Amino acid sequence: MLKKIEAIIRENKVNDVKDALREIGIMGLNMFEIRGHGRQGGIELTGRSGTYRVDMLPKIQINIVLSERNLEETIQTIVKAAYTGEPGDGLIFVYPVEQVIRVRTGNRSQQAISYPGDIDEKKAKEQKS
């Protein structure tokens, strides 16, 4: 079964998360710049003209489609890399994926999301060792 991770994280943690994902073998992902707020409702800033509230904060949304067997390791990697301990660290959503089709090759499912050097290939090499 394939899953989709949708992680919403702080802008300043993007490189940490990308590097950590690359290290475990997550090769394919996409990102979007988004704005939003969670429980904290935004932040209060003080400037020359007084105090004001910014309620739609800039965030990054990372999307990854992967095998269910790699889901927990990937989630833990994102959590560890994105963590600051402060409100606004983000959220991770997990969705089932019915089908994936690579347009160029017509490959479907697992073949469509496999890359040379990806997490599955790394794990297979480790098991042989």
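**Note on strand pairing, a surface patch and salt bridges**

1. Strand E3, residues 43-47, pairs with E4 in the antiparallel sense over five bridges, and a hairpin of two residues joins E3 to E4. Within this pairing, Thr 46 stands opposite Thr 51 in E4. The model is a predicted one, and the points below should be read with that in mind.

2. Tyr 52 belongs to strand E4, which covers residues 50-54, and together with Ile 43 and Leu 45 the Tyr 52 side chain forms a nonpolar patch on the surface, with about 250 Å² of accessible area for the three together. Tyr 52 itself is partly exposed, its relative accessible area being 43%.

3. Leaving aside residues up to four places away in sequence, Thr 77 touches Ala 20, Leu 21 and Ile 24. Of these contacts, the one with Ala 20 brings together residues that are 57 apart in sequence, with a C-alpha to C-alpha separation of 6.5 Å in space.

4. The count of salt bridges comes to seven, and one of them links Asp 89 with Arg 10, where the closest N and O atoms are 2.9 Å apart. Asp 89 lies in the loop between H2 and strand E6 (90-97), whereas Arg 10 lies in strand E1 (residues 2-10), so the pair ties together parts that are 79 residues apart in sequence. Asp 89 is also buried, with a relative accessible area of 17%.

5. Another salt bridge joins Arg 22 to Asp 19, with 3.2 Å between the closest N and O atoms. Both residues lie in helix H1 (residues 14-24), three residues apart, so that about one helical turn separates them. Arg 22 is partly exposed at a relative accessible area of 47%, and Asp 19 likewise counts as partly exposed, with a relative accessibility of 41%.

6. A further salt bridge is formed by Asp 16 and Lys 13, whose closest N and O atoms are 3.1 Å apart. The two partners fall into separate accessibility classes: Asp 16 counts as partly exposed at 39% relative accessibility, while Lys 13, at 14%, counts as buried.

Technical notes
Residues are numbered from 1 along each chain as its sequence is written. This is a predicted model: local features need pLDDT of at least 70, side-chain atom pairs count only at pLDDT 80 or more; totals for chains, interfaces and linings use all residues. Side-chain values use heavy atoms; hydrogens and water are left out. Patches are made of residues with over 30% relative accessible area and no salt bridge: like charges are joined within 9 Å, nonpolar side chains (Val, Leu, Ile, Met, Phe, Trp, Tyr) within 5 Å. Accessible areas come from the Shrake-Rupley method with a 1.4 Å probe; for residues, only the protein chains shown count as cover. A salt bridge is a side-chain nitrogen of Lys or Arg within 4 Å of a carboxyl oxygen of Asp or Glu. Helices (H or I, at least four residues) and strands (E, at least two) are DSSP runs, numbered from the N terminus. Buried means under 20% relative accessible area, exposed over 50%, partly exposed in between (1.4 Å probe, protein chains only). Contact means heavy atoms within 4.5 Å. Two strands pair if DSSP finds at least two bridges between them.
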